[in-house]
Amino acid sequence: DQRVADVRRAAASLTTVPPYNKKFTGRLDELLALRARLKDDLAGVISGVHGLGGIGKTELAFTFAHAFASAYPGGRFLIACENKSSLRDAVLGQMDFTALFRDRISDEERMQPDVYFAAIARCLRARLDALGHVLLVLDNVSAAALLTAQQTDALTALGPRLHLLATTRLAPPGGARGSWLTLGELPAADALDLLEKHRKFDTDAERDAARRIVKQLGGFALAVELVAAWLAAHRDSSSYARFADGLGLGDLEDIADDADTQLRRHNHERRLSAVLGPVLASLQPAERRALEYAALLPPDHVALPWLRALVVADFPALDSAAARLADPWHDLLRRLERLALITRPEGETTEPRLMRVHRLVQQLMLRDLSAADRAARQQAVDALVKQRCAALEKTTCVIEARWELEPLTALVDVWDEAGHVGAAWLMRDMGLKWGDLAAWWHAEP
């Protein structure tokens with residue numbers, strides 16, 4: 001009876017967290033540890049997961065939200081925090097979350113970000129009182145200031161029924177180490193299971209080869225996932241044994257086993273390069289070009305119409321208007337998705353406008369580009385951005401065009417961080433456009 005009741009409560013729990021990954025493997029101890037840290041008898045419940053990029057922090061947080069859905073009748077909501085130094089800005093920028101309270105907040109309150117944030121907190125308190133526990137997943141926190149008590153107190157003051165779960169590459173905030181989970185490498189047995197979930201081992205020799213792959217990848221979750229996706233997509237042309245033999249595993253093992261080598265992060269990057277090598281070598285020129293352009297766009301807001309325009313300009317044969325029997329661009333996109341090089345965000349199921357590219361994949365793509373090629377790709381992106389901003393100036397259907405403001409706004413952070421000469425211009429343009437929509441909380445930054 002208790003199990004049936006839990007299933008019913010889980011089904012009734014509203015969520016904006018991306019769907020459960022059916023290939024998620026292991027991490028049971030970490031899930032239970034997170035549950036233990038998020039206790040109901042503490043005032044201001046906040047915990048977190050930190051570790052190297054690509055190690056699986058976000059996936060663990062998402063899986064926690066699904067595994068314990070029955071404990072959160074008030075809902076489970078994703079708050080994207082990358083490049084946000086203010087918790088207020090992160091919350092107000094999460095439109096699918098703020099939309100829950102649209103009818104209970106006046107236009108006057110929305111005009112001032114601080115007042116708007118206070119109104120959100122007020123509505124959240126009412127939701128906690130009416131429905132019960134709520135989980136907010138603060139994903140990919142990149143600024144330590146966002147997790148200071150000065151900022152989190154506005155939410156933790158709502159009481160122990162509101163749980164905050166943060167993921168970050170940063171070290172735990174001062175005084176909070178006991179409530180934070182350091183996510184390490186994926187155990188070898190779990191990494192092996194992850195490979196097998198993508199592609200079964202036909203023989204004992206294949207299983208032994210998979211063990212060699214797992215050993216050399218060192219439990220780097222993203223690397224294991226990429227290998228698994230690549231092998232699943234090349235069942236007829238490759239095998240675990242062939243893949244393992246071509247990795248250059250000896251060099252990687254020497255680096256990983258060298259007691260004097262302290263640069264653990266760089267060791268992981270080399271492992272990722274070994275994984276991406278065969279994957280990227282199998283790509284057609286147009287597919288690789290798509291990843292090169294995607295590496296210059298916001299990782300969580302890769303706008304597919306932009307990406308298509310950029311790649312088609314270099315490879316006109318991809319234009320579906322010229323294709324007679326199929327859509328070459330659609331085929332290219334599906335292949336990149338199948339190889340786990342790009343992923344769909346929540347809500348994008350049939351004809352997505354936005355995709356995600358892992359930041360480490362972006363970094364490796366840019367590192368392998370020559371200076372001349374990178375400058376050429378950046379020039380094409382710059383020209384497209386100016387074109388899209390000019391088109392938005394002329395649009396008469398603002399609501400329909402609003403989706404494009406999100407990736408443009410995210411690009412502001414990318415350009416600002418890189419010292420791009422157009423950063424100030426794009427900041428001003430986005431501020432004016434959000435102001436035209438009376439979205440002051442977006443315009444202010």
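Let's start with Asp 89, which sits in helix H4, the stretch from residue 87 to residue 92. Before going on, please keep in mind that this is a predicted model. So, is Asp 89 buried or exposed? Its relative accessible area is 15%, and because the cut-off for buried is under 20%, Asp 89 counts as buried. What does Asp 89 touch, if we set aside the neighbours within four places in sequence? The answer is Lys 84, Glu 444 and Pro 445.

Now let's move to a pair of helices. Find helix H2, residues 28-37, and helix H3, residues 57-67. Their axes are 10 Å apart, and the packing angle is about 65°. That angle makes H2 roughly perpendicular to H3, since the range for that word runs from 65 to 115 degrees. The crossing of H2 past H3 is right-handed.

Which residues meet there? From H2 we have Glu 30, Leu 31, Leu 34 and Arg 35, and from H3 we have Leu 60, Thr 63 and Phe 64. Sorted by class, the residues of this contact are four nonpolar, one polar and two charged.

Hold on to Phe 64 for a moment. With a relative accessibility of 0%, Phe 64 is buried. Phe 64 also belongs to an aromatic cluster, together with Phe 68 and Tyr 72. In the whole structure there are six aromatic pairs. One of them joins Phe 64 to Phe 68, with 4.9 Å from centre to centre and 45° between the planes, which is a tilted arrangement.

Helix H9 covers residues 188-198, and helix H11 covers residues 221-233. How far apart are their axes, and at what angle do the helices pack? The axes are 8 Å apart and the angle is about 25°. Because angles under 35 degrees count as roughly parallel, H9 is roughly parallel to H11. H9 passes H11 in a right-handed crossing.

On the H9 side of this contact you will find Ala 191, Leu 194, Leu 195 and His 198. Facing them from H11 are Val 224, Glu 225, Val 227, Ala 228, Ala 229 and Ala 232. By class, that gives eight nonpolar residues, one polar and one charged.

To recap the two pairs: H2 is roughly perpendicular to H3, whereas H9 is roughly parallel to H11.

Key: Residues are numbered from 1 along each chain as its sequence is written. This is a predicted model: local features need pLDDT of at least 70, side-chain atom pairs count only at pLDDT 80 or more; totals for chains, interfaces and linings use all residues. Side-chain values use heavy atoms; hydrogens and water are left out. Axes are lines fitted to C-alpha atoms, for helices over the stretch in contact, and angles run from 0 to 180 degrees between N-to-C directions. Helices (H or I, at least four residues) and strands (E, at least two) are DSSP runs, numbered from the N terminus. Angles under 35 degrees count as roughly parallel, over 145 as roughly antiparallel, 65 to 115 as roughly perpendicular and the rest as oblique. A crossing is left-handed if the near helix is turned anticlockwise from the far one by less than a right angle, and right-handed if clockwise. Contact means heavy atoms within 4.5 Å. Ala, Val, Leu, Ile, Met, Phe, Trp, Tyr, Cys and Pro count as nonpolar, Asp, Glu, Lys and Arg as charged, and the others, Gly among them, as polar. Rings of Phe, Tyr and Trp (its six-membered ring) pair if their centres lie within 6.5 Å; planes under 30 degrees apart count as stacked, over 60 as edge-to-face and the rest as tilted. Buried means under 20% relative accessible area, exposed over 50%, partly exposed in between (1.4 Å probe, protein chains only).
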